[in-house]
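Please find my notes on this entry below, as numbered points. They start with the overall fold and then turn to individual residues.

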Amino acid sequence: MAEQYAVGDIVKLKKKHPCGSFEWEILRVGADFRLKCIGCGHQIMIPRKTVEKNTKEIRKKA
């Protein structure tokens, strides 16, 4: 995927978080991403490759 990720964008991933949400807000972009779950607020660090592979949809910030 040659999509551009930016801080503040909302990404919808293939697998849901245990809280039931599929959507994550991007807090940091780089070799690793910091994502915050929209449902419960849990934050994770995840490799860029994993995010690019599992992204279904990107909603750009307004």
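1. Fold order. Along the sequence the protein runs β-β-β-β-α-β, with one helix and five strands in total. Helices (H or I, at least four residues) and strands (E, at least two) are DSSP runs, numbered from the N terminus.

2. Basis of the model. This is a predicted model, in which local features need pLDDT of at least 70 and side-chain atom pairs count only at pLDDT 80 or more, while totals for chains, interfaces and linings use all residues. Residues are numbered from 1 along each chain as its sequence is written, and side-chain values use heavy atoms, with hydrogens and water left out.

3. Overall dimensions. Along the principal axes, the C-alpha atoms fill a box of roughly 30 × 25 × 20 Å.

4. Surface and burial. The accessible surface of the protein is about 4,100 Å², and carbon and sulfur atoms account for 51% of that surface. Accessible areas come from the Shrake-Rupley method with a 1.4 Å probe; for residues, only the protein chains shown count as cover. Of the 62 residues, 24% are buried. Buried means under 20% relative accessible area, exposed over 50%, and partly exposed in between (1.4 Å probe, protein chains only).

5. Contact range. Taking contacts between residues at least 6 apart in sequence, 32% join residues at least 24 apart. Contact means heavy atoms within 4.5 Å.

6. Strand S1 (10-13) is antiparallel to strand S2 (residues 23-28), with three bridges between them. Two strands pair if DSSP finds at least two bridges between them. Lys 12 stands opposite Glu 23 in S2. S2 is also antiparallel to S3, through four bridges, and a hairpin with three residues connects S2 to S3. Glu 25 has Lys 36 in S3 as its bridge partner.

7. Pairing of S3 and S4. Five bridges join S3 to strand S4 (residues 43-47), again in antiparallel fashion. Lys 36 is bridged to Gln 43 in S4. The hairpin formed by S3 and S4 has five residues between the strands, and Gly 41 in its turn has a positive phi of about 85 degrees.

8. Asp 9. Which side chain makes a polar contact with the side chain of Asp 9? The partner is Lys 60, at 3.2 Å. A polar atom of the Asp 9 side chain also lies 3.1 Å from the backbone nitrogen of Ala 6. A polar contact is a pair of N or O atoms within 3.5 Å; within protein, one must be able to donate a hydrogen and the other to accept it, and residues adjacent in sequence count only if both atoms are side-chain atoms. Asp 9 is found in the segment before S1 and counts as buried because its relative accessibility is 1%. Leaving out residues up to four places away in sequence, Asp 9 touches several residues, including Trp 24, Glu 25, Ile 58 and Arg 59.

9. Ala 6. This residue also belongs to the segment before S1. Ala 6 is partly exposed, because its relative accessible area is 28%. Beyond four places in sequence, Ala 6 touches Ile 26 and Val 29. The C-alpha atoms of Ala 6 and Ile 46, 40 residues apart along the chain, are separated by 15 Å.

10. Aromatic pair. How many aromatic pairs are there? The count is one, with rings of Phe, Tyr and Trp (its six-membered ring) pairing if their centres lie within 6.5 Å; planes under 30 degrees apart count as stacked, over 60 as edge-to-face and the rest as tilted. Tyr 5 and Phe 33 form this edge-to-face pair, at 5.3 Å centre to centre and 75 degrees between the planes. The pair links distant parts of the chain, with Tyr 5 in the segment before S1 and Phe 33 in strand S3 (residues 32-37), 28 residues apart. Tyr 5 counts as buried at 9% relative accessibility, and Phe 33 counts as buried at 0%.

11. His 17. The loop between S1 and S2 holds His 17, which counts as buried because its relative accessibility is 15%. Apart from neighbours within four places in sequence, His 17 is in contact with Trp 24, Cys 37, Cys 40 and His 42.
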